[in-house]
Amino acid sequence: MSSNTFKHTFHIPVMGIGFTIDTPIRVAPYGISSAMSLVDDMLIERMREFYSEKMKVPFEAITKKVDDFRAKRITAYLNLVDELVDRKFQEIKDSFDLQEGECEKYLRMLPSSFQEQFKQLLASKGKMEKQVWDWAKQQLVKGSIDVNIMTKLDKDNYVNDEKLPVEFNDAHAALRGYALSNLENSSIILSAGMNPRLYSYLEKFEDFFPDEEGKLKKKVTLKVSDFRSAMIQGKFLAKKGIWVSEYRIESGLNCGGHAFATDGYLMGPILEEFKSKRAELIDTTWDLLTQTWEKAGRSFPAHKLPLKVTAQGGVGTSEEHEFLMKEYNLDSIGWGTPFLLVPEAVSIDEPTMELLSNAKEDDLYLSNISPLGVPFNNIKGNTEDIEKQRLIDKGRPGSSCPKKYASLDTEFTEKVICTASRQYQQLKLKQLEVKELEPAQYQKAYDKITDKACICKALGTAALVEKGMETKKEGSTIAICPGPNMAYYSGKRTLEEMADYIYGRGSIGERKDRPFIFVKELTLYVNYLKDKLSELEAPITSKQAKYFADFEKNLQEGIAYYHNLLSRVEDNLGWKKEVLFKAFEELGKKIDRLDLSEVKI
């Protein structure tokens, strides 16, 4: 019999702070990999309490009086998740002995190629059918229980006004909590840019180093926007003795959550560069890595460790999924936004899911509400924005800031505070008052200050509301951050229906006028460029002029790449190639019509 292992070609990325906080418990037993955010240890502790009670597991609270409570909360929750996934996975394996029940659900969600392989083996073995089921049982794999850390959310922490050592910073403590957990064959996903101090901290934990056979208990994944960034970060970590097992490429704008827009670099050309330079990335980082290990006297495997390249952001059809996998030699595709409509997979309350289900293009927009100062995908009508406006109208803008995870500003205070907090906004508005601006200028500045929302609280609340838990401290308002893809889907779906849709075996009622992934991303970038131009104020600096010139050049080069791509690929994209040629041509003309003369010096 074949020794191929059953495995999926998609994963569920981290979504918000709370939407995927327990997704591994739900999907990992079925072989589906997913990621949880480690931002909010308060939410994590409450999830541990909830699941301990639900699964009849002993629970002892880890209060803030406990030394290193943040790391310990994270370790305890991850250990519980691991235990619950193992328990459910064993139930599925046991069901193979009965040849019915949960094993059928596991098999039905696999890619069609594995399903066909299994059916052919059953047909060929006749009376030896039990051997086939035993073989299938041995092929089962759990989905990876991954975690995500936004590297810049690394504020200092204090005890009685005394600043704690750097290892007690938020991101450092989260990393330690993960490193000390029982998880194996798992990844920590580092996103939102490079944090050298945090990256160096990885050296402290043996689980990030391979044994002599090359096995890693815990792996490092970098979420990157381009090849150059991947090479810089990969080399930095290699010099610390850390191997990057996966580079996860995400579209700058065609994604959910924070939008880290590139300077006009598009997903297709970025994926092409990874494809053509993958060997260079492996060889360069491996050479540095082995040199580091040799200097440290560390034994290491003779063979190079595996390296995955994956992608996510705006993928929405089985044809796109298959095309990206084959054209760019990817190892997996991240499906995020459509899974927000799958109650089996995510923690979202009923009203918010209804809001998502009814969303159209105009309801989804790039906002400035994030305290991080990065554009943030938003949806009109969410309750956090409604509450924010109520407080503005009341003359008391800003949040009480109950969690403080996004506290990064020191303009007015020695300790960091959050730009969405009432404390910061009151200080900033007082500063604005003395400027004696014209009414229109004043209102524009006022709106910019008060637009920030308490997303570190509101992105986790849905998980509590969905489980019927009390939200007295957090409040009941919810923020949600779907990608633009949300406009093309509606109605709740099951996990099996989503797997069937991804693998081309069924429909989920998706809109047929949905644009091709590369067309949608380019449209978003053209609109982004247009908005940036409209925000320009004289005098224009040479730096600004160069930024816009490079942005336009990169977009046009991307369009040229897509024309070349269409001329050589098979007609298997799910869209007629002539339609795509025309769409790229029209967007190129739209760029030409943008008034860039203002920024030419």
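Buried means under 20% relative accessible area, exposed means over 50%, and partly exposed covers what lies in between, with a 1.4 Å probe and protein chains only. At 49% relative accessibility, Asn-185 therefore counts as partly exposed. The structure is a predicted model, in which local features need pLDDT of at least 70 and side-chain atom pairs count only at pLDDT 80 or more, while totals for chains, interfaces and linings use all residues. Residues are numbered from 1 along each chain as its sequence is written, and side-chain values use heavy atoms, leaving out hydrogens and water.

The protein chain holds 21 helices and twelve strands; helices (H or I, at least four residues) and strands (E, at least two) are DSSP runs numbered from the N terminus. Its radius of gyration is 25 Å, close to the 25 Å that the globule rule gives for 601 residues, so the chain is as compact as a globular protein of that length. The radius is taken over C-alpha atoms, and the rule is 2.2 Å times the number of residues to the power 0.38. Along the principal axes, the C-alpha trace spans about 90 × 65 × 55 Å. Of the 601 residues, 55% are buried. Among contacts (heavy atoms within 4.5 Å) with a separation of 6 or more, 71% join residues 24 or more positions apart.

Eight of the strands close into a barrel, in the order E1-E2-E3-E6-E7-E8-E9-E10, with parallel pairing. From one strand to the next the twist averages 30°. Two strands pair if DSSP finds at least two bridges between them. Strand E9 (residues 308-312) and strand E10 (residues 332-334) pair in the parallel sense over three bridges, and Gln-312 stands opposite Gly-334 in E10.

Helix H3 lies across strand E2 (33-37) and strand E3 (145-150), running at about 155° to E3. Axes here are lines fitted to C-alpha atoms, for helices over the stretch in contact, and angles run from 0 to 180 degrees between N-to-C directions. Arg-70 lies in H3, which covers residues 69-98. Arg-70 counts as buried because its relative accessibility is 7%. Leaving aside neighbours within four places in sequence, Arg-70 is in contact with Leu-38, Val-39, Asp-41, Asp-170, Ala-173, Ala-174 and Tyr-405. A polar atom of the Arg-70 side chain lies 2.9 Å from the backbone oxygen of Val-39. Asp-40 is 30 residues from Arg-70 in sequence and 8.9 Å from it in space, C-alpha to C-alpha. Asp-94 is also found in helix H3, but at 38% relative accessibility it counts as partly exposed.

Asn-185, with a phi of about 55°, lies in the loop between helix H7 (170-179) and strand E6 (186-191). Ala-192, with a phi of about 75°, is found in the loop between E6 and helix H8 (196-201). Ala-192 is buried, with a relative accessible area of 16%.

Ser-318 is found in helix H11 (residues 318-327) and, at 17% relative accessibility, counts as buried. Its side chain makes a polar contact with the side chain of Glu-319 at 3.5 Å. A polar contact is a pair of N or O atoms within 3.5 Å; within protein, one must be able to donate a hydrogen and the other to accept it, and residues adjacent in sequence count only if both atoms are side-chain atoms. Beyond four places in sequence, Ser-318 is in contact with Tyr-501, Ile-502, Tyr-503 and Gly-504.

In helix H12 (residues 350-357), the buried residues are Thr-352, Met-353, Leu-356 and Ser-357. They cover an arc of only 140° around the axis, which puts them on the same side of H12; the arc is that of the directions from the helix axis to the C-beta atoms. An α-helix has 3.6 residues a turn, so residues three or four places apart point the same way. The buried residues of H12 pack against strand E12 (376-379).

Thr-419 is found in the loop between helix H13 (383-393) and helix H14 (422-433). At 13% relative accessibility, Thr-419 counts as buried. Not counting residues up to four places away in sequence, Thr-419 touches Pro-371, Asp-409, Tyr-424, Gln-425, Ile-449 and Lys-452. The side chain of Thr-419 reaches the backbone oxygen of Pro-371 at 3.4 Å.
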